[in-house]
Amino acid sequence: MAEFWTVDFVPLLAASLSALACALVGNLLVLTRRAMAADALSHAVVPGVVVAVAVTGLAGSLVVLAGGLAAAFAASGLVALLIRLGRVEPGTALGVVFTTFFAFGILVLEWSGLSRTGFDIHHVVTGYLEGLIWIGRDPGAQASLLRSLMDLPQVVFELAIVLVLVVAILGAFRKEFALLAFDPVFARASGLPVGLLEAALLTATALACTAAFKSVGVVLAVAMIVCPAATARLLTTRLPQQMALSAAIALGTVFVGYAAAVLGPRLFGSALALNAAGTIGAMAGLALVATAAMRGRA
């Protein structure tokens with residue numbers, strides 16, 4: 001049991017917090033047909049984060065989140081500019097801008113030397129869940145539980161704060177977001193501040209992607225934004241139930257995927273473990289395929 005608290009508890013907690021933030025905001029992205037934009041956005045925040053860390057020499061939460069948000073708004077603004085002024089097809093503009101941003105981020109990563117630190121490309125893509133250990137949770141120690149909790153890795157607190165911010169944004173505009181998702185034409189005609197709502201949704205998405213980028217990687221962020229929400233949408237048409245279901249599915253895939261990563265190889269006699277972010281993402285995709293197949297046979 002001591003091994004679980006030291007080795008497995010923090011990765012599960014970090015992945016769960018990130019999955020919840022991504023899944024909740026993913027519901028609105030799926031309903032507004034912007035799921036692929038979320039995929040692109042999770043890559044576009046990379047240059048903002050890398051440049052912010054390289055310029056300031058700091059890798060704290062505020063620096064990372066500020067860099068990620070700046071890159072997200074810059075990329076979205078450039079996409080809008082290409083569509084309106086250049087009359088570029090929206091899908092093409094999205095693909096060009098976000099791919100260019102991601103490539104630029106990788107170049108800065110290599111040029112600045114950050115690739116030789118915790119910001120290497122492997123961590124950008126798949127995160128470093130396996131590196132999150134809780135040394136303070138020693139059953140033999142006399143420290144109180146509160147003191148032990150304070151020894152949790154900083155990334156856990158960062159992910160918890162981002163989850164609170166995402167929930168606050170979604171809660172503050174829940175009625176407006178619902179109207180924008182189900183009837184965007186009426187939402188604009190009724191005078192809703194659509195631009196403000198889209199900026200709020202972009203902010204929530206960028207926060208979830210940036211926090212995930214720093215800890216669990218792009219793969220898990222994209223999977224958690226799209227798959228749980230899309231799976232839940234197959235099971236219900238009511239937004240509150242969909243959001244609750246997506247959160248439950250996200251947590252379920254985190255636990256099943258992490259267990260598969262740790263225990264799966266042991267079934268075949270291997271002492272190694274699979275990448276947890278990869279198996280969690282794969283489980284989320286399998287859950288969506290299985291749900292779609294069951295609905296197709298019903």
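Residues are numbered from 1 along each chain as its sequence is written, and side-chain values use heavy atoms, with hydrogens and water left out. Because the model is predicted, local features need pLDDT of at least 70 and side-chain atom pairs count only at pLDDT 80 or more, whereas totals for chains, interfaces and linings use all residues.

**View 1. Salt bridges around E198.** A salt bridge is taken as a side-chain nitrogen of Lys or Arg within 4 Å of a carboxyl oxygen of Asp or Glu, and by this rule the count comes to two. In one of them R34 meets E198, at 2.9 Å from N to O; R34 lies in the loop between α1 (2–31) and α2 and E198 in helix α10 (residues 194–215), so the pair ties together parts that are 164 residues apart in sequence. E198 also forms a salt bridge with R188, with the closest N and O atoms 3.6 Å apart, and these shared partners join R34, R188 and E198 into one network. R188 is partly exposed at 47% relative accessibility, a class that lies between buried (under 20% relative accessible area) and exposed (over 50%), with a 1.4 Å probe and protein chains only.

**View 2. Helix α4 and its cover.** Helices are DSSP runs (H or I, at least four residues), numbered from the N terminus. Helix α4 (residues 90–112) has 23 residues and reaches 33 Å from its first C-alpha to its last, close to the 33 Å expected at 1.5 Å a residue, where the expected span is 1.5 Å times one less than the number of residues. The buried residues of α4 include V97, F98, F101 and F102, and what covers the buried residues includes α2, α3 (61–84) and α5 (121–126).

**View 3. The two ends of α4.** At the start of α4, a side-chain oxygen of E89 reaches to within 2.8 Å of the backbone nitrogen of T92. Just after the helix, G113 takes a positive phi of about 90°.

**View 4. The surroundings of T279.** T279 has its place in helix α13 (residues 276–297) and counts as buried, at 12% relative accessibility. Its side chain reaches the backbone oxygen of G257 at 2.9 Å. If neighbours within four places in sequence are left aside, T279 is in contact (heavy atoms within 4.5 Å) with G257, A261 and L274.

Terms used
Polar contact = N/O pair within 3.5 Å; in protein donor to acceptor, adjacent residues only side chain to side chain.
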